[in-house]
Amino acid sequence: MSTALFTHPAAEAHLMPMGHPEQVARYAATISALNGLDLDRREAPLAEDADVLRCHPERYLQRLRAAQPEQGLRGLDADTHISPGSLEAALRAVGGACAAVDAVLAEEARNAFIAMRPPGHHAERETAMGFCLFGTAAIAAKRALDRHGLDRVAVLDFDVHHGNGTQDLLWDDARAFFASTHQMPLYPGSGAASERGAHGQIMNVPLPPGSDGGQARVAWDAILKRCREFDPQLVVVSAGFDSHRDDPLAQLQWVEADFAAITRSICDMAAECGAPVVSCLEGGYDLAALGRSVRAHVEVLMEAGE
């Protein structure tokens, strides 16, 4: 089976203020990095409201729709903005993740990568923040649990920032294991090891500024040992590449080989459990480092899907 790639040019219609790190060019850098790879390329569909509502209440969805301007930009907070094309982009990111879940569970693909923006892992139940509007990875996990009837889904997050939104959305769900490595201290300030979820199903491993990929691999060995015990039927990855040493927003010292190694370890664990993998693009704000890291990540997904 091949690796499916879900994407859509609507990702370029989500506009940010001049100089904002979550810039439109991130999409082109990601897609260009995947040129020449033998991927099963698919269009990311619009998410159904029902999928968004698995994690966010109706009033939040309607508030975002009311906030979307007809022209220009509107700030939702100091970091998070919405433009006329933002909701389509965000809904296609969610729709792509949900379609990827459907595809891998139908055995149309062994794994999938959703190359869309905006990212999603900071969006809490009723709060857009950290460049994020909807909790894409959490919504994908909920689709697998609620629509496909799975009993156990793991969401694994290696973005440099803690996925506070994913944690919020999955906190009370014993069917969902969430684990994260992230720099601490750093935005958004959550992700202490003591934050363990309502059922002890959350595992946070904060990393100090300046730590390298070797330390990260040790952390992921511990996470994946715990994840094997959970025995997931599906693995959703929040793939943020801002842990790279060239990224301007943090101080971890990972390189492309570290992303490849961690991805390989995740895929090996998933294979042992008989679980397909769905990976959603999160952060990564140095364009060159983002492109190289995405390619390294997807090449490992392709190897695992053979």
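1. Contact is taken here as heavy atoms within 4.5 Å, and helices (H or I, at least four residues) and strands (E, at least two) are DSSP runs numbered from the N terminus. The model is predicted, so local features need pLDDT of at least 70 and side-chain atom pairs count only at pLDDT 80 or more, while totals for chains, interfaces and linings use all residues. Residues are numbered from 1 along each chain as its sequence is written, and side-chain values use heavy atoms, with hydrogens and water left out.

2. Helix α7 (residues 213–230) packs with helix α8 (residues 256–273) at an angle of about 10 degrees, their axes being 10 Å apart; axes are lines fitted to C-alpha atoms, for helices over the stretch in contact, and angles run from 0 to 180 degrees between N-to-C directions. The two helices α7 and α8 are therefore roughly parallel to each other, a term used for angles under 35 degrees. On the α7 side the contacting residues include Trp220, Leu224 and Cys227, and on the α8 side they include Ile262, Ile266 and Met269.

3. Strand β9 (residues 234–239) is largely enclosed by the rest of the structure, because six of its six residues are buried, that is, under 20% relative accessible area with a 1.4 Å probe and protein chains only. In a regular strand the side chains alternate between the two faces of the sheet. Both faces of β9 are covered, with Leu234, Val236 and Ser238 buried on one side and Val235, Val237 and Ala239 buried on the other.

4. Which strands pair with β9? Strand β6 (residues 153–157) pairs with β9 in the parallel sense over five bridges, and β9 pairs with strand β10 (residues 277–281) in the parallel sense, again over five bridges; pairing requires that DSSP finds at least two bridges between the strands. Valine 155 stands opposite valine 236 in β9, and serine 279 in β10 is the bridge partner of valine 237.

5. In helix α1 (residues 25–33), the buried residues are Arg26, Tyr27, Ala29, Thr30, Ile31 and Ala33. The cover over these buried residues of α1 includes β1 (3–7), β5 (111–114), β10 and α9 (287–305).

6. Aspartate 40 lies in strand β2 (residues 40–43) and, at 24% relative accessibility, counts as partly exposed. Leaving aside residues up to four places away in sequence, aspartate 40 touches Ser2, Thr3, Ala4 and Leu5.

Notes. Buried means under 20% relative accessible area, exposed over 50%, partly exposed in between (1.4 Å probe, protein chains only). Angles under 35 degrees count as roughly parallel, over 145 as roughly antiparallel, 65 to 115 as roughly perpendicular and the rest as oblique.
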